[in-house]
Amino acid sequence: MSIKAIIKVWDFSRQNGTHLLALLALADYAHEDGTDAYPKVETLQHKMRCGSTRRVQQILSDLIRDGELV
């Protein structure tokens, strides 16, 4: 878990709702600089308490489109 990456999400993200939750879940797996977060979609689905893996995939796609995820 990277507290620094989580703090960066809180401080700099323009997202809200489930999109923000997805970024926070990813930051939980990242290194301190925010890199190397590679949890499975199913892992994110469970952590986010999201209804389907397809919804998680759509959220990740949205975050990439918005420039908040690479």
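The legends below describe close-up views of a predicted model. Local features are given where pLDDT is at least 70, side-chain atom pairs count only at pLDDT 80 or more, and totals for chains, interfaces and linings use all residues. Residues are numbered from 1 along each chain as its sequence is written, and side-chain values use heavy atoms, with hydrogens and water left out.

**View 1. Helix H3 crosses helix H4.** The axes of helix H3 (residues 41-48) and helix H4 (residues 53-65) come within 9 Å and cross at roughly 95 degrees. Helices (H or I, at least four residues) and strands (E, at least two) are DSSP runs, numbered from the N terminus, while axes are lines fitted to C-alpha atoms, for helices over the stretch in contact, with angles that run from 0 to 180 degrees between N-to-C directions. H3 and H4 are therefore roughly perpendicular to each other, where angles under 35 degrees count as roughly parallel, over 145 as roughly antiparallel, 65 to 115 as roughly perpendicular and the rest as oblique. Val 41, Glu 42, Leu 44, Gln 45 and Met 48 of H3 make the contact with Thr 53, Val 56, Gln 57, Ile 59 and Leu 60 of H4, contact meaning heavy atoms within 4.5 Å. These residues divide into 6 nonpolar, 3 polar and 1 charged; Ala, Val, Leu, Ile, Met, Phe, Trp, Tyr, Cys and Pro count as nonpolar, Asp, Glu, Lys and Arg as charged, and the others, Gly among them, as polar.

**View 2. Val 41 is found in helix H3.** Leaving aside its neighbours within four places in sequence, Val 41 is in contact with Thr 53, Val 56 and Gln 57. Val 41 and Leu 60 are 19 residues apart in sequence, and their C-alpha atoms are 9.4 Å apart in space.

**View 3. Helix H2 packs with helix H4.** The angle between H2 and H4 is about 90 degrees, and their axes are 10 Å apart, so these two helices are roughly perpendicular to each other. On the H2 side, Thr 18, His 19, Ala 22, Leu 23 and Leu 26 meet Arg 55, Ile 59, Leu 60, Asp 62 and Leu 63 in H4. By class, this contact of H2 with H4 has 6 nonpolar, 2 polar and 2 charged residues.

**View 4. Ser 2 lies in the segment before H1.** At 1% relative accessibility, Ser 2 counts as buried, where buried means under 20% relative accessible area, exposed over 50%, and partly exposed in between (1.4 Å probe, protein chains only). Not counting residues up to four places away in sequence, Ser 2 touches Ala 27, Asp 28, Ala 30, His 31 and Glu 32.

**View 5. Asp 36 and Arg 49 are shown for their backbone angle phi.** Most residues other than glycine have a negative phi. Asp 36, in the loop between H2 and H3, has a positive phi of about 60 degrees although it is not a glycine, and at 40% relative accessibility Asp 36 counts as partly exposed. Arg 49, in the loop between H3 and H4, also has a positive phi, near 60 degrees, and at 75% relative accessibility Arg 49 counts as exposed.
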